[in-house]
Amino acid sequence: MNHRSAHTGDLRGRAAALAAFDRSDDLRGHAPVAAEHRPAPEPLRSGGPELLTHLRFDHDAFTLDVWVRAEGGMRSLSGLVAEEDPDSPRARVHVRRPDRTLGRRVALDGSFGVAGLAPGPVSLVVEHRRDGAVATDWFTV
């Protein structure tokens with residue numbers, strides 16, 4: 001049996017899968033994962049979102065902390081861009097998904113957030129005025 005024959009099944013997910021592993025934006029600049037912390041599950045008293053993981057990405061000009069939370073079957077991201085130069089102009093963050101990109105402004109305190117994300121691959125691109133665009137590694141929410 002030849003496994004390399006043409007696939008005749010459903011290919012709707014192929015474009016999304018290829019986009020998830022598209023590394024072309026990573027040539028801009030790179031902020032690799034510097035630390036990852038997955039807290040032990042604990043009972044929630046308030047019934048609020050459950051913290052799944054905390055990731056830290058490092059770059060020469062800034063550090064990016066990202067918290068991933070579960071809200072029902074969906075996910076939310078909250079983040080903090082900590083810059084070495086406090087007078088640096090504010091950045092913008094793009095949340096890349098296989099099927100779309102969501103842009104978010106970074107607040108004066110360095111925070112940003114996005115809710116209502118389906119579980120799956122994500123990469124963040126920080127548009128930093130001094131260093132240009134910097135992409136993080138892909139991670140799963």
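How many helices and strands does the chain have? In this predicted model, in which local features need pLDDT of at least 70, side-chain atom pairs count only at pLDDT 80 or more, and totals for chains, interfaces and linings use all residues, the chain has one helix and 11 strands. Residues are numbered from 1 along each chain as its sequence is written, and side-chain values use heavy atoms, with hydrogens and water left out. Helices (H or I, at least four residues) and strands (E, at least two) are DSSP runs, numbered from the N terminus. From that terminus on, the order of the elements is α-β-β-β-β-β-β-β-β-β-β-β.

The chain holds 141 residues, and 35% of them are buried; buried means under 20% relative accessible area, exposed over 50%, and partly exposed in between (1.4 Å probe, protein chains only). The accessible surface of the chain comes to about 8700 Å², with 52% belonging to carbon and sulfur atoms. Accessible areas come from the Shrake-Rupley method with a 1.4 Å probe, and for residues only the protein chains shown count as cover. Of the contacts with a separation of 6 or more, 47% are accounted for by residues 24 or more positions apart, where contact means heavy atoms within 4.5 Å.

The pairing of the strands is considered next. Two strands pair if DSSP finds at least two bridges between them. Strand E2 (residues 33–37) pairs with E3 in the antiparallel sense over four bridges, and glutamate 36 has leucine 55 in E3 as its bridge partner. E3 in turn pairs with E4, again in the antiparallel sense, over eight bridges. In this pairing, glutamate 50 stands opposite alanine 70 in E4, and a hairpin of three residues joins E3 to E4. Between E4 and E5 there are 10 bridges, also in the antiparallel sense; arginine 69 has serine 76 in E5 as its bridge partner. The hairpin of E4 and E5 has two residues between the strands, and glycine 72 takes a positive phi near 70 degrees there. E5 is also joined to E8 by five bridges, and these two strands run antiparallel. Here the bridge partner of glycine 79 is phenylalanine 112 in E8.

The largest nonpolar core has 24 residues, and those with the most contacts inside it are Leu64, Val66, Leu77, Leu124 and Phe139. Such a core is a set of buried Ala, Val, Leu, Ile, Met, Phe, Trp, Tyr and Cys residues joined through side-chain atoms within 4.5 Å. Two or more residues of this core come from each of strand E3 (50–58), strand E4 (62–71), strand E5 (74–83), strand E6 (92–96), strand E8 (111–117) and strand E9 (121–128). E4 gives the most, with four residues. When residues up to four places away in sequence are not counted, leucine 124 touches Leu64, Val66, Leu77, Val93, His94, Val95, Phe112, Val134, Ala135, Thr136 and Phe139.

Aromatic rings were also examined. A pair of aromatic rings is described by the distance of the centres and the angle of the planes. Rings of Phe, Tyr and Trp (its six-membered ring) pair if their centres lie within 6.5 Å; planes under 30 degrees apart count as stacked, over 60 as edge-to-face and the rest as tilted. By this rule there is one aromatic pair. It is formed by phenylalanine 57 and phenylalanine 139 and is tilted, with 5.7 Å centre to centre and 40 degrees between the planes. The pair links distant parts of the chain, as phenylalanine 57 lies in strand E3 and phenylalanine 139 in strand E11 (residues 139–140), 82 residues apart. Both phenylalanine 57 and phenylalanine 139 are buried.
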